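Subject: Handover of a model and notes on its fold

Dear colleague,

I am passing on the structure below, together with my notes on what was found in it. Please look it over before you read further.

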Amino acid sequence: MKSLVLLLCLARLWGCHSAPHGPGLIYRQPNCDDPETEEAALVAVDYINQNLPWGYKHTLNQIDEVKVWPQQPFGEMFEIEIDTLETTCHALDPTPVAGCRVRQLKEHAVEGDCDFRLLKVNGKFSVAYAKCDSSPDSAEDVRKVCQDCPLLAPLNDTRVVHAAEAAVTAFNARNNGSNFQLEEISRAQLVPLPPSTYVEFTISGTDCVAKEATEAANCNLLAKKPATSQPQPEGANEAVPTPVVDADAPASYPLGASGPLPTGSPIDTHLLVAAPPVVPMHLSHYDLRHLFMGVVLLGSRSGEALHPRKTRSVVQPSVGAAAGPVVPPCPGRVRHFKV
């Protein structure tokens with residue numbers, strides 16, 4: 001009889017320990033470097049770049065964390081945190097991000113920090129939630145890499161604006177075709193030695209002829225959306241295929257106020273569907289937070305995917321005793337460098 005009572009007590013204790021506590025969902029935590037996790041991260045990066053109206057494309061640098069839980073009535077929801085790095089490809093550049101060069105530390109790198117939720121149904125991912133911000137590397141870190149490297153300057157700095165306007169004026173003076181107007185200052189750096197200003201910007205053609213235009217206010221843009229304008233890195237012409245030019249769109253030319261106007265550079269033209277939002281111009285870069293503010297883009301029938309603060313239980317495979325240290329599943333590998 002005593003043995004039967006003891007057996008019942010043990011059964012009750014086992015039931016208490018094995019039953020889930022609370023009403024929370026059960027989610028899994030795959031490795032941050034698993035192929036499925038990386039696929040989700042790359043879909044998130046593609047979403048960023050497809051929705052950039054200004055600035056520069058970003059590329060995946062590291063996957064920080066991932067959680068996956070069942071989504072009712074079907075599919076799974078991936079909640080993923082990723083770090084990105086700015087590339088030298090402008091947002092309007094049609095070059096795939098895989099072919100874009102990552103902006104290095106000595107060029108004053110910019111890092112992005114993003115939270116995404118992606119719904120996976122029938123093997124395909126779709127973005128349900130996106131929230132990002134980005135920030136340049138600190139001036140102290142840049143100086144550690146290169147003492148004389150130029151630092152980013154506010155986009156509305158008077159020296160920056162003057163340099164961009166002077167470059168456009170000089171270009172129009174040499175141009176026999178359409179008059180161009182400054183559309184967007186994309187990036188600017190103040191060079192210490194010799195003291196100068198380096199500017200990257202976009203321009204748009206107008207209905208005025210360059211040689212005849214006297215008042216910019218009297219000229220009308222041929223297109224409401226900007227054409228790209230970005231300097232190419234050394235050796236880029238050898239690796240980048242011949243760009244496709246839209247005959248109905250205004251041409252765009254790489255311009256820079258820090259030196260002579262380049263010649264023989266490729267012409268890249270790509271029109272954007274969405275109009276650029278209003279962003280603060282006192283910053284030194286186009287912050288991703290002004291583009292992705294956590295707006296839900298895809299509904300959930302159950303609503304579970306949109307409430308990450310609910311109590312959840314984690315399911316992970318048990319780890320047996322091992323001779324060496326246990327490698328944590330996250331964060332994942334660094335693809336380029338840490339900022």
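In which sense do β2 and β3 pair, and over how many bridges? The two strands are antiparallel, with 12 bridges between them; here a pair of strands requires at least two bridges found by DSSP, and helices (H or I, at least four residues) and strands (E, at least two) are DSSP runs numbered from the N terminus.

Before the details, a word on conventions. This is a predicted model, in which local features need pLDDT of at least 70 and side-chain atom pairs count only at pLDDT 80 or more, while totals for chains, interfaces and linings use all residues. Residues are numbered from 1 along each chain as its sequence is written, and side-chain values use heavy atoms, with hydrogens and water left out.

Confidence

The protein chain has an average pLDDT (the predictor's confidence in each residue, from 0 to 100) of 74, and 63% of the residues reach at least 70. Residues 1-23 stay under 50, and the model gives them two contacts (heavy atoms within 4.5 Å) beyond four places in sequence. The stretch 226-276 is also below 50 in pLDDT, although it has 96 contacts beyond near neighbours in sequence. Where pLDDT is low, the predicted coordinates should not be read in detail.

Within the pairing of β2 and β3, I63 has I82 as its bridge partner in β3, and in the hairpin, where five residues lie between the strands, G75 adopts a positive phi near 85 degrees. β3 is also joined to β4 by 10 bridges, again in the antiparallel sense, and M77 stands opposite L119 in β4. Because 12 of its 15 residues are buried (under 20% relative accessible area, with exposed over 50% and partly exposed in between, for a 1.4 Å probe and protein chains only), β3 is largely enclosed by the rest of the structure.

The buried residues of α2, among them A41, A44, V45 and I48, pack against β2, β3, β4 and β5. I82, leaving aside neighbours within four places in sequence, contacts A41, A44 and V45, and its other partners include L60, I63 and C114.

The cores

A nonpolar core here is a set of buried Ala, Val, Leu, Ile, Met, Phe, Trp, Tyr and Cys residues joined through side-chain atoms within 4.5 Å. The largest one has 24 residues, of which I48, I63, I80, I82, C114, F116 and L118 touch the most other members. At least two residues come from each of α2 (35-50), β2 (56-70), β3 (76-90), β4 (110-121) and β5 (124-136), and α2 gives the largest share, six residues. Apart from this core lies another, of 16 residues, including A153, V168, A188 and I203.

Three strands, in the order β6-β7-β8, form an open antiparallel sheet, with β6 (151-152) and β8 (196-209) as the edge strands. Strand β7 (residues 178-191) is joined to β8 by 11 bridges, and A188 has V199 as its bridge partner in β8. In β7 we also find I185, which counts as buried because its relative accessibility is 8%. Its contacts, leaving aside neighbours within four places in sequence, include L155, V160, A164, V199 and Y286. The C-alpha atoms of I185 and W54 are 9.2 Å apart, although 131 residues separate the two along the chain.

Best regards
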